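Let's take a walk through the charged side-chain contacts of this structure. Have the sequence and the 3D view open as you read.

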Amino acid sequence: MKTVARMTLKPGDILGEDIMSNHGEKLYSKGTKLDVKDLERLSRHNIMAITIMEDVDFAETHTEKVKLSDDFKKFKGIYYECVPQFRRIIDNCVIDHVRPPIDQLLNIYVKLASNAATGDKMLEYLVNITPDMENMIYEHMLNTGMIASIFANWLGMTKQEMFTFIQCGFLYDIGKLCLPRELIYKPSRLTDEEFAQMKTHTTLGHDLLVSVGLDGPIAKCALQHHEKGDGLGYPNGLKINEIDNFAQNISIIDAYEAMSAPKTYRFPLNAFEIISNFEKDAMKYNKMKLEAIMFHIASTQMGLHAKLNDGREGDVIFINNLHCARPMLRDADGNVIDLSKEPDLQIYALF
């Protein structure tokens, strides 16, 4: 809601509060949709300021509220300003083999981070930005770098480690841009031969970054971000203790960003769906790192209203440390629903 001068009102505005005359008479009730005659009446009563409802006041889901907020709209505008800057830096590296200017990359990070009040808000904003297919890979890397800055705090990294981690996120998937465009943007399922070619993006990215002088953890993240703790990843089938520390973290973010982004065949997964998938695949990741990240992701959902697949609803009131995907809810009657004890229940929407 916002308070505006009466003179700025227009037909169709909806009152956010009751309107009282200067003599204490109720003129209109909250929720009244004003017409021309109403505006004239308010003028006759010399009402100077009116509280009206905004689009965000009519939003039902948490996602709708985020998208309609002024802070998100401002962040989105700055994000779309940063994407072409980011793309130029990446293209200069891929096409002309120019070392990415780290100061410019970190300036992009600072510009975006300074327009999100908290890390939690940053995650919400990134999830709710509609992806641009033409910039899909660039936005994926940009998002990964920004998410890395948030996860760095959750993982207790030093400031210098965080800056390195952000750079790893910005550049780790650069090898995909070394592959044919028709392969990267193929809308249908890849053949076995095409998937084998796609997997080469790890070595292509590593070799490119080494060639421009980035042969430390940044290049290792490009090479190892698809290695899995169970030894079934690629390109070298490494076990968890053989994978670079930053690459272990990037592999978690890579999976998180993929699950939280909208796809042509599905909406973005909600936080608890993402955590549930991570719990099923826990052997692929560093256990301690994954558990810390899952708990923090779950904690960002505290207080939200959840709808369950059996029709019940409730507010998230407690995160289960041993099973972060299955929190406790409290319904409108005060009853507690412990999802850890009801395995058939699933949260399908958050508000």
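A salt bridge here is a side-chain nitrogen of Lys or Arg within 4 Å of a carboxyl oxygen of Asp or Glu. You are looking at a predicted model, in which local features need pLDDT of at least 70 and side-chain atom pairs count only at pLDDT 80 or more, while totals for chains, interfaces and linings use all residues. Residues are numbered from 1 along each chain as its sequence is written, and side-chain values use heavy atoms, leaving out hydrogens and water.

How many salt bridges does a search of the whole structure find? The search gives 13. Let's begin with K186, which pairs with E194; their closest N and O atoms lie 2.6 Å apart.

Next, turn to helix 14, which spans residues 287–299 (helices are DSSP runs of H or I, at least four residues, numbered from the N terminus). Here K287 and E291 form a salt bridge, 3.5 Å from N to O. The two are four residues apart in the helix, so about one helical turn separates them. K287 is exposed at 58%, whereas E291 is partly exposed at 40%.

Finally, find D310 and R312, whose side chains meet in a salt bridge of 2.8 Å, N to O. D310 is partly exposed at 39%, and R312 is partly exposed at 33%. Through salt bridges that share partners, D310, R312 and E342 are joined into one network.

Technical notes: Buried means under 20% relative accessible area, exposed over 50%, partly exposed in between (1.4 Å probe, protein chains only).
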